[in-house]
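Hello,

Here is the structure we spoke about. Please look it over, then read my notes below.

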Amino acid sequence: MDTMNLIVAKNIKRLREENKLSMDELAKLSGVSKSMLAQIERGEGNPTISTLWKLSNGMKVPFDALTVRPKVPYEIVKTSEIQPLLEDGGKVKNYSIFPDDENRRFAVYYLKLEPGSYWKSEPHLRGTTEFITVFRGTLEIEADDKCFSVAEGENIRFRGDTIHSYRNAGTETTILHMILYNP
């Protein structure tokens, strides 16, 4: 199985070429430097989630189009074998369990947020909704200028097409599943 960096590299290059974009054009559309983009496309970079959001928004494709694995008729996914996408210096680990294959219109993620971690997300594509279930710890979410505290065994749904953030203000690692619905 390819590492997440190689999967992302192949997908970005494929999508950029399908959209007939040069590296310069994608750099301008996304705000990601051409040198960083070249590094990512070679599978040498370790892009943050924020960088990938800039690229997906620049190409106007769902975030998961960058992380989708090759299709198979069935799939058992072992979280331990997935290279997570990192944010906040590695304190936020985002495992893309079932990326949106651009036909399903949803994606499933498994996240681990260490105590004190924080991640501010760029807006997703228009109409995107996030569904989160907290399995351990407590998660603070800010969305639409409102703050929500979601504890173990609780769930939240909110618009993902605006700037929003996640914070683990607790003393233990927060574990959650996230489903992104892309209309």
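Tyr166 is buried, at 2% relative accessible area; buried means under 20%, exposed over 50% and partly exposed in between, with a 1.4 Å probe and protein chains only. Keep in mind that this is a predicted model: local features need pLDDT of at least 70, side-chain atom pairs count only at pLDDT 80 or more, and totals for chains, interfaces and linings use all residues. Residues are numbered from 1 along each chain as its sequence is written, and side-chain values use heavy atoms, with hydrogens and water left out.

Tyr166 sits in strand β9, residues 164–167. Strands (E, at least two residues) and helices (H or I, at least four) are DSSP runs numbered from the N terminus. The side chain of Tyr166 makes a polar contact with the side chain of Glu130, at 2.6 Å. A polar contact is a pair of N or O atoms within 3.5 Å; within protein, one must be able to donate a hydrogen and the other to accept it, and residues adjacent in sequence count only if both atoms are side-chain atoms. Beyond four places in sequence, Tyr166 touches (heavy atoms within 4.5 Å) several residues, including Trp119, Ile132, Phe158 and Met178. Glu142 is 24 residues from Tyr166 in sequence, yet the two C-alpha atoms are 6.7 Å apart.

Now the sheet. Four strands form an open sheet in the order β4-β9-β6-β7, with antiparallel pairing; two strands pair if DSSP finds at least two bridges between them. β4 (118–121) and β7 (146–151) are the edge strands, each with a single partner, so one side of each has no neighbour in the sheet. Six bridges join β6 (residues 138–143) to β7. Glu140 has Ser149 in β7 as its bridge partner.

Next, β10. This strand covers residues 174–181 and holds Thr174. It is joined antiparallel to β3 (residues 106–113) by eight bridges, and Val108 stands opposite Ile179. β5 (residues 129–136) also runs antiparallel to β10, with seven bridges. There, Arg136 stands opposite Ile175.

Thr174 counts as buried because its relative accessibility is 0%. A polar atom of the Thr174 side chain lies 3.0 Å from the backbone oxygen of Thr138. Setting aside neighbours within four places in sequence, the contacts of Thr174 include Leu111, Val134, Gly137 and Asn168.

Best wishes
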